[in-house]
Amino acid sequence: MSENQPVAENESVASHPANVPTDKLHKRHPNYLLVFLSLAVLTAVEVGITYVPQIPQAPVLLALSVFKALLVIMYFMHLRYDSKWFAFIFFIPFVLVIPMLIVLRIG
Amino acid sequence: MVDTARRGFVRHGARTWRDYFTFNTDHKVIGIQYMVMAFVFFIIGGILAMLIRAELAAPGMQFVGGKAYNQLFTIHGTLMIFFWIIPAFIGLANYVVPLQLGQEDMAFPRLNALSFWLVVPGAILMLTAFAVGGAESGWTAYPPLSLTTHTGQTLWAISLQFIGFSSIFGGLNFLVTIFNMRARGMSLSRVPLMAWAMVATSIIIVMGTPVLSGALFLLIFSRILGTNFFSSTAGGDPLMWQNLFWFYSHPAVYIMVLPGFGMISEVLPAFSRKPIFGYKLIAVSSLAIGIFGFLVWAHHMFTSGMDPLLRIPFMITSMIIAVPTGVKIFSWLATIWGGKLRFTTSLMFALAFISMFVIGGLSGVFLASVPIDIHVQDTYFVVAHLHYVLFGGSVVALYSGIYYWFPKITGRMLNERLGQVHFWLNLIGFNLTFLPQHTLGLDGMPRRVADYDPAFTGLNLVSSIGAMLLAFSTLPFLINVVVSLRRGALAGPNPWRAFGLEWTTSSPPPIHNFPTPPVVDGDPYGYGERPVPVAS
Amino acid sequence: MSEAVTHIDPTNTSTGLDSRKLGMWIFLVTEVMLFSSLIGAFLQMKGRSPADANQVLNVPVTAVNTFILIVSSTTVVLALQAIMNGDRRRLKLFLAATLALGATFLGVQIYEYSMLLHEGFTPSGSLFGGGFYTVTGFHGFHVFIGLLWCAGLLVEALKERFSPSNYMRIEIFGLYWHYVDVVWIILFTIIYLI
Amino acid sequence: MSQAPGPEASGSQPVMFDTTSRLVAIVIGVVAVVAGLVLGINNPFLNRSVATEGSAIDQLFGLTLGIATVVFVIVQGFLLYSIVRFGRQPDDDTDGPPIRGNHKLEIFWTVIPALTIFFVGFMSYQVLADIEQPQDDALVVEVKGFQFAWQFYYPEQDVTSTEMHIPVDRQVHMKMRSNDVIHSFWVPEMRIKKDVMPDRVTEAFITGTETGTYPIVCTELCGAGHAVMRSQIIIQSDADFKAWIASQQTTASQAAGAAADPMAAGRQLFNSSGCNACHALADAGAVGALGPELDGYSAVAGTRVPGQSAEQYTLEAVVKPNAFIVEGFPANLMPQDYGLRISEQDLDKLVTYLLGMK
């Protein structure tokens, strides 16, 4: 609640700070092709790892896929550049998902 | 109501009663649609409850056998939760919250209409499930039992999917509306507590309901396609359903009571002529309940086969959640303390809410304690507890809200004399019904049984008599609504001399709510500080 | 959204955030919870299945399919960039590419299903099968919805409805499509590789 | 739109009721409190516990009830006092004092309940650790639940029974498993309850402290016969328990010795498969009443379905109970998976037994 107060508490701003167009955010954007290449290469690496049994499969593969997912979320979905509110909203459920998965697993 | 805008099959605003049967995008129309439909299901669910109590008035099976009885309480529970309390609160909030925010509608009016109209196929499916038979494994539908019952169980699950989607879209709409659409000058610390309560409610809806939806899909696939998620014979995991189900359904308890908290926080200041005590703590405790409510679900499974060690963290979280609830209760008591109480029916329901909800909250602490829960789990003690929370809490708060906002919604006052009759019959009937059930449970009567040990006859009879009284108490309310709609005294814009933007427009509000966009210079609890705002 | 019936402007808001975009992110929260419950169920089924239960699956084909979906995610973000820069031709081009790639992904998945079913790997046959078809089926359904949405946007783009000041609906579709991609990235690993 | 002409016109309405409502509230409040106290003192919430675990739970319950009572009295007291004290005078239209909060007070009523709750949590944890402490000399009983009956197997003594006998003052370690859906084993007088799951073994511990016979109740909805899924637990002296075990062993060995005797084998199956829970049959000592009585059944078996012999009909009645429903009894009540649960040979024995009685 308090996070929003700098915007909200101030009377004059509180009304409608709105008309700031959101596209200001997109003026800064990453090199999409670079992100794409990383994703493609990482996918290939993942498949490659499955042929090398010496590497601990589950943790490495999971870490790689989470990293890939974060690349998409941060750059393709612009969470890195967009309002912090969106990041806050999007990451809250994971706080709950993790206990849920753990409890399901323990049974 | 003057103009009715129309575009394709979409209507906005209501001119005649027929407009209430259309895909209408006016939040006021949708609110009324929700409330009226929910009340119809309240009556149906109530009739089922009467059949249950009739069967239980004496030991042995008189009217219905085991199967029919199982179906009765399954449909009773499902209707009361998913078709009465949740939609009734959503309906009243739908009407009130945009007005409180000084807006002309919700953020997504068409999505709002879709939310309501998704309930309708859900309702039809649920009634079909009842007619077909087979939805008889309780509203909790634990597999493997729910895999062995007949077609009605599948329809039951599909029906709840519709309700779930309706709920999700509604919650999303409330969140965007309250954050993005506030009157000029309404900072977050000036948002009415009713709206804050809807924020907490919507957070729960948005994060919890999809999990129920997922669990229901698994159940539906298991029944139709033969997947083995919960089937013990094929190696599946029956406990997984309980985890997923309660992950939603425990927070759902807060979906059913947080809007009530919000309504009480509006009603108490208005009728005690004092500002709400501890605004910030009340708002924060709603959010705390909204988040913490997700970390307590396994207390419904303390006696199940779950890992014994897991019970400890869940016991602790379940108990902690009593703290924010307690904070609210104390803040409300401090609000009326030293005030100038005006005993309208609305205030009396609000006070009764505090009184009854405390009982439900305290019995909740017993259930959170693992050793005590081992004894009372799945007994009538739980039945008593949940009715104190969901009837003594939710429904009583809802009545308080209805008596408070009825003049705003209809432009006419409800009759106070009938209101008082309704209140006392309701309160006495309710306590007569559910207070004895605590003792029944502690003494050894399990829940969900059509027959019981003759030793429990006396208290069961008392409970059944109370239930009949409780059912009867709805009659003066219905008469009051019907008569007052036509003959009630004219309310004027602000009959209670209350703060809050909803009282600054006419009753009922015009189609776009406010002739000019309102501006706010304080929170809606300025009693004793500022003059009551005058309608423009 | 409903300009004709109300006067609600989704861009003029108390927080400054576009209502539609805020709504989409909240919707994605619900999607995270839905897929989490399904993935949780899948992992539970996998845990109760033999370790080699996923040997029936065709990893190379699916790896290519994963690649296709990643490309489609890239084309969406390029489409958005194009219209922000006022390049309507590239917008149409990249939307069409997204549609084609998404359809290919779905086609390959349907092919995979038919092969698996042919081999006797069914939803009811094993715990793993039930989990597999449920999770991938839900994902496929989301791709399908995305394709319909994309087609609708493409039609509008062909009618030149978008401009550098009016692209929010492309961006929102992009959020959805990327999310579907994210889900697949996770699914590919936990279903096929581990 | 002027401010409020309507309101005051109607505003006079609630005023009328201020005094009456308050009086009614006070009278009802006082009556309820007195009645509650009288009832509570004369009729304690919990009946007497007959297990050591139960007594520990009762103590915790008493403690929690005490704390809850204090909270209850405080809240309802403030509420009633406010109703009595702060009702407005009929002509008073002024507002109350604009008090918006008090940080010290708010911290006080956040921290004190939190500490109280932690105390209850700590006590609960201690009791829990105490009542689930396995002992070496515990008597092991395997509990099996099925729709809609209980079965108890004593592995060390190799005895099966439909009633649970336990020796007094000795811990009993129950290992429970269900045959079909989830059940829940509860002995109200011992305060112990545990779900009986079909996919895993659950455990519970009870130690009887007083001899006597007490009900066993199923508390997890398990189908149409849930309400009647009951049995009893008989807590007896060690000597009596041994005597009972011995008598059961003789019966069992007779049954085993007479394996050639199809009737004894059938009787055994009739009881161990749970048929006795719902069907009355004098020969097997069964008194269930959910399904048709089976005394004299052999005489009518061949006449139920035209074209079916008595053997065919009986087999079908066991494995496909819905194929023919005896008038006056509901369909779908009898479990439909006996064909999977009972082996083919055993089914034959059961049919022979049911038809063999004259």
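These questions and answers concern a predicted model.

Me: Which helix of chain C gives the most to the side of chain C that touches chain A?
Reply: Contact between the two chains involves 38 residues of chain C and 39 residues of chain A. On the side of chain C, the elements giving two or more residues are helix 1 (19-47), helix 2 (59-84) and helix 5 (168-193). The one that gives the most, with eleven residues, is helix 2 of chain C.

Me: How many charged residues has the side of chain C that touches chain A?
Reply: Sorted by class, this side of chain C has 20 nonpolar and 15 polar residues. The charged residues there number three.

Me: Which helix gives the most to the side of domain 1 of chain D that touches domain 2 of chain D?
Reply: The domain assignment places domain 1 of chain D at 16-86 + 102-131 and domain 2 at 139-250. Ten residues of domain 1 are in contact with 13 residues of domain 2. With five residues, the helix that gives the most on the domain 1 side is helix 2 (residues 52-85) of chain D.

Me: Which strands stand at the edges of the open sheet of five strands in chain D?
Reply: The strand order in this sheet is 3-2-1-5-8, with mixed pairing.

Me: What is the bridge partner of D:Lys144 in strand 5 of chain D?
Reply: Strand 1 (residues 139-146) and strand 5 (residues 171-178) of chain D pair in the parallel sense over seven bridges. In strand 5, the partner of D:Lys144 is D:Arg177.

Notes. Residues are numbered from 1 along each chain as its sequence is written. Chains are lettered from A and ligands numbered from 1 in the order in which they are written. This is a predicted model: local features need pLDDT of at least 70, side-chain atom pairs count only at pLDDT 80 or more; totals for chains, interfaces and linings use all residues. Two strands pair if DSSP finds at least two bridges between them. Helices (H or I, at least four residues) and strands (E, at least two) are DSSP runs, numbered from the N terminus. Two residues are in contact if their C-beta atoms, placed from the backbone, lie within 7 Å. Ala, Val, Leu, Ile, Met, Phe, Trp, Tyr, Cys and Pro count as nonpolar, Asp, Glu, Lys and Arg as charged, and the others, Gly among them, as polar. Domain bounds come from an automatic or database domain assignment.
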